[in-house]
Amino acid sequence: MFFINHKDIENGTAAVVEIEGPLNSETSSDFEEYIRKLMNNEKIYLIIDLKKLSFISSEGIGAALIQHKRIEEKNGAAVFCNLNSEVTALFRI
């Protein structure tokens, strides 16, 4: 199962986004849509918590990097936190 939740912080311009489950070809479009909706609601500073991420595929990494780029284009920032060692290694590649 795949879940995304967020909690607004800093007067509504920022949010902590928690992802639970796999981020792969089946779920990456849901992730992209969720982040797009946050950005449309002026949330351009995101802390993306991957503590409960069970798996990430190359498509999931691509989706994360594309959203990161879109946020930066709006002069925002996205920070990924609580990455396990496997996910950290994949992001470094």
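Q: For 93 residues, what radius of gyration would a compact globule have, and what is the value for the chain?

A: In this predicted model, the chain has a radius of gyration of 12 Å, which agrees with the value near 12 Å for a compact globule of 93 residues. Along its principal axes, the C-alpha trace spans about 35 × 25 × 20 Å.

Q: In what order do the elements of the chain run?

A: The chain holds three helices and four strands. Read from the N terminus, the order is β-β-α-β-α-β-α.

Q: Among contacts between residues at least 6 apart in sequence, what share joins residues at least 24 apart?

A: The share is 73%.

Q: Which residues have the most contacts inside the largest nonpolar core?

A: A nonpolar core is a set of buried residues of nonpolar kinds joined through side-chain atoms within 4.5 Å. Here the largest one has 21 residues, and V17, I19, F31, I35, L46, I48 and L53 have the most contacts inside it. Strand 2 (14–23), helix 1 (28–40), strand 3 (45–56) and helix 2 (58–73) each supply at least two of its residues. Strand 3 gives the largest share, five residues. Leaving aside neighbours within four places in sequence, I48 is in contact with V17, I19, F31, A78, V79, F80 and C81.

Q: Is Q67 buried or exposed?

A: Buried means under 20% relative accessible area. Q67 has 1% relative accessibility, so Q67 counts as buried. This residue lies in helix 2. Not counting residues up to four places away in sequence, Q67 touches F31, E32, I35, R36 and M39. In the chain, buried residues make up 37% of the 93 residues.

Notes. Residues numbered from 1 in each chain as written. Predicted model: local features only at pLDDT ≥ 70, side-chain atom pairs only at ≥ 80, totals over all residues. Heavy atoms only, no water. Buried < 20%, exposed > 50% of the residue type's maximum accessible area, 1.4 Å probe, protein only. Contact = heavy atoms within 4.5 Å. Rg over C-alpha atoms; globule rule 2.2 N^0.38 Å.
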